[in-house]
Amino acid sequence: MMLRQCLTIGAVLLGALTASGCGDGDGGAITAKNAQAATVSQSRSASMQHDMKADDQLDWGPAPPIFPKGAQFAVVQGDPGVAGAIFTVRLRFPNGYILPPHRHPTDEHVTVLRGTFMVGLGEDFSRDGMVSLKEDGFITAPANMAHFASARGFTEVQVHAIGPFQLTYVHPEDDPTR
């Protein structure tokens with residue numbers, strides 16, 4: 001389905017470029033047929049920011065205190081504290097790191113960038129119920145669903161969600177801020 005969507009979008013873009021008169025005589029310029037549409041597009045673009053960063057441009061530091069000690073944290077895009085706004089963060093975990101059972105108020109989308117991220121669902125930590133996600137693995141934890149995780153080897157994940165970022169431990173004694 002994704003390939004079909006990409007092909008469909010590509011066909012539309014190709015058709016738009018062809019229809020706009022993009023060819024050898026105009027230096028390959030992409031122009032808008034409708035001046036009003038161009039103005040609206042320019043004003044939308046002016047208010048939007050493109051955020052592109054390489055791994056070595058991320059500002060890594062200790063994870064917020066809600067995480068057990070040992071994790072590293074970097075904001076890739078957005079502000080995790082803003083309600084209703086999309087954000088992307090990365091977390092690095094040392095071998096053996098455990099993130100006890102917890103919940104988030106919004107869906108959490110996690111992509112494994114390196115290492116092995118072991119994830120389990122439920123209110124009690126159990127290695128028996130964990131699934132190992134290796135590099136390029138992906139999981140969505142639905143809003144308010146209890147889940148837990150552990151790292152095997154040095155592990156880095158990327159998390160994107162809608163803010164504000166909140167993590168509530170199932171068992172209050174697991175909360176490192178208490």
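This is a predicted model: local features need pLDDT of at least 70, side-chain atom pairs count only at pLDDT 80 or more; totals for chains, interfaces and linings use all residues.
**Stop 1: Arg 92 and Glu 156**

Select Arg 92 and Glu 156 and display their side chains. They meet in a salt bridge, with N and O 3.2 Å apart.

Together with Arg 92 and Glu 156, they are linked in a network of salt bridges. Next, bring in Trp 60: Arg 92 lies over the face of this residue, 3.8 Å from the ring centre.

**Stop 2**

The structure holds five salt bridges in total. For another of them, select Glu 123 and Arg 103, whose closest N and O atoms are 2.4 Å apart. Glu 123 sits in the loop between strand 5 (108-121) and strand 6 (131-133), whereas Arg 103 is in strand 4 (residues 98-103); the two are 20 residues apart. Glu 123 has a relative accessibility of 42% and so counts as partly exposed. Arg 103, at 26%, is also partly exposed.

Move on to Arg 178 and Asp 175. These residues form a salt bridge in which the closest N and O atoms are 3.4 Å apart. Asp 175 is buried, because its relative accessibility is 12%.

**Stop 3: aromatic pairs**

The model contains six aromatic pairs. Begin with Phe 93 and Phe 117, which are stacked, with 5.9 Å from centre to centre and 15 degrees between the planes. Phe 93 lies in strand 3 and Phe 117 in strand 5, so this pair ties together parts that are 24 residues apart in sequence. Phe 93 and Phe 117 are both buried.

Then select Phe 125 and Phe 148. Their arrangement is tilted, with centres 5.1 Å apart and 50 degrees between the planes. Phe 125 is in the loop between strand 5 and strand 6, and Phe 148 is in strand 8, so the contact connects parts 23 residues apart in sequence. Phe 125 is partly exposed at 29% relative accessible area, whereas Phe 148 is buried at 2%.

To finish this stop, select Phe 67, Phe 73, Phe 87 and Phe 165, which ring pairs link into a cluster.

**Stop 4: the largest cavity**

Two cavities reach 30 Å³ or more. The largest has a volume of about 140 Å³. To find it, select Leu 99, Glu 108, Val 110, Phe 117 and His 147, which are the closest to its centre among the 19 lining residues. Strand 3, strand 4, strand 5, strand 7 (138-141) and strand 8 each supply at least two residues of this lining. Strand 8 gives the most, with five residues. By class, the lining of the largest cavity comprises 15 nonpolar, three polar and one charged residues.

**Stop 5: the second largest cavity**

The second largest cavity holds about 50 Å³ of space. Select Phe 87, His 104, Thr 106, Asp 107, Glu 108, Val 159, Ala 161, Ile 162, Pro 164, Phe 165 and Gln 166 to show its lining. Strand 8 makes the largest contribution here, with three residues. The lining of this cavity divides into six nonpolar, three polar and two charged residues.

Keep Asp 107 and Ile 162 selected. Their C-alpha atoms are separated by 7.6 Å, although the residues are 55 apart along the chain. Asp 107 is in the loop between strand 4 and strand 5, and is partly exposed at 37% relative accessible area.

**Stop 6: the largest pocket**

Which residues line the largest pocket? Select Pro 62, Ala 63, Pro 64, Pro 65, Phe 67, Pro 68, Lys 69, Gly 70, Ala 71, Gln 72, Pro 176 and Thr 177. This pocket contains about 160 Å³ of space. Its lining has eight nonpolar, three polar and one charged residues.

Technical notes
Residues are numbered from 1 along each chain as its sequence is written. Side-chain values use heavy atoms; hydrogens and water are left out. On a 1 Å grid over the protein atoms alone, a cavity is a set of points where a 1.4 Å probe fits but cannot get out, and a pocket is an open set with protein on both sides within 12 Å along at least five of seven lines; lining residues have an atom within 4 Å of a point. Grid points are joined across faces, edges and corners, and a volume is the space filled by probe spheres set on the points. Ala, Val, Leu, Ile, Met, Phe, Trp, Tyr, Cys and Pro count as nonpolar, Asp, Glu, Lys and Arg as charged, and the others, Gly among them, as polar. A salt bridge is a side-chain nitrogen of Lys or Arg within 4 Å of a carboxyl oxygen of Asp or Glu. Helices (H or I, at least four residues) and strands (E, at least two) are DSSP runs, numbered from the N terminus. Buried means under 20% relative accessible area, exposed over 50%, partly exposed in between (1.4 Å probe, protein chains only). Rings of Phe, Tyr and Trp (its six-membered ring) pair if their centres lie within 6.5 Å; planes under 30 degrees apart count as stacked, over 60 as edge-to-face and the rest as tilted. A charge sits over a ring if NZ of Lys or CZ of Arg is within 6 Å of the ring centre and within 35 degrees of the ring normal.
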